[in-house]
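Dear colleague,

Please find below the structure that I am handing over to you. A short account of the findings follows it.

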Amino acid sequence: MSERAPVTARLSAEEVREQVAALPDPELPVIGLGDLGVVGSVAPGADGVLEVEITPTYLGCPALPEITAGVREVLAACGHPDGRVRHVLSPPWTTDRITPDGRRALAAHGIAPPVTPAPDGPVPVALGAVPCPHCGSRATRPHSAFGPSRCQSVLWCTACREPFPHLTAL
């Protein structure tokens with residue numbers, strides 16, 4: 001993780017949340033943990049010790065130890081060396097938690113974000129409907145279920161003939 005300036009006073013829970021949200025995801029460093037939607041509550045526990053809740057993108061996420069270490073560094077740098085990181089598995093993370101800024105950051109770096117479902121009504125399943133981050137075409141198809149990380153697959157654009165990673169909905 002990055003070097004942080006020492007803090008002389010304890011920062012508020014909201015200030016700590018902002019710092020944690022800005023941490024880059026280890027597997028997708030173009031997006032912060034906040035925009036990825038993995039940062040939950042940041043609040044004092046029953047004993048008054050600040051707790052940060054993290055919901056991993058999926059069970060067994062190999063980046064979780066690095067994320068946890070980064071959050072602990074932030075807690076210490078913000079004046080909460082006794083702070084805790086809690087891993088919350090329920091409700092599970094979904095791609096709906098990715099913020100609009102996070103979706104734009106993924107697309108700007110050639111990673112197709114998951115398609116956002118309509119807010120109301122049934123969610124249509126459209127095969128090949130993931131737009132290509134290179135040319136915008138929806139003429140895409142699966143290329144490989146295995147991408148650069150466990151939470152990505154690889155799609156192929158038949159319009160520009162470029163492969164691209166796609167953040168899968170786990």
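Contact here means heavy atoms within 4.5 Å. Please note that this is a predicted model.

Sheet and helices

Helix α3 (residues 64-77) lies across β2 and β3, and runs at about 150° to β3. These strands belong to an open sheet of 3 strands, ordered β1-β2-β3, with mixed pairing. Because β1 (39-44) and β3 (84-87) are at the edges and have a single partner strand each, one side of each lacks a neighbour in the sheet. On average, neighbouring strands are turned by 20° against each other, direction ignored.

β1 pairs with β2 (residues 50-54) in the antiparallel sense over 4 bridges; Val 42 has Val 52 in β2 as its bridge partner. Helix α1 (residues 13-22) also packs on the sheet, where α1 touches β1 and β2, and its direction makes about 150° with that of β1.

Cavities

There are 2 cavities of 30 Å³ or more in the structure.

Annotated region

An unreviewed UniProt entry annotates residues 129-167 as "domain: PaaD zinc beta ribbon". Over residues 129-167 the chain is 0% helix and 41% strand, with the end C-alpha atoms 14 Å apart.

Yours sincerely

Notes: Residues are numbered from 1 along each chain as its sequence is written. This is a predicted model: local features need pLDDT of at least 70, side-chain atom pairs count only at pLDDT 80 or more; totals for chains, interfaces and linings use all residues. Side-chain values use heavy atoms; hydrogens and water are left out. On a 1 Å grid over the protein atoms alone, a cavity is a set of points where a 1.4 Å probe fits but cannot get out, and a pocket is an open set with protein on both sides within 12 Å along at least five of seven lines; lining residues have an atom within 4 Å of a point. Grid points are joined across faces, edges and corners, and a volume is the space filled by probe spheres set on the points. UniProt positions are given in the numbering used here, feature names are shortened, and annotations may be inferred rather than shown by experiment. Helices (H or I, at least four residues) and strands (E, at least two) are DSSP runs, numbered from the N terminus. Two strands pair if DSSP finds at least two bridges between them. Axes are lines fitted to C-alpha atoms, for helices over the stretch in contact, and angles run from 0 to 180 degrees between N-to-C directions.
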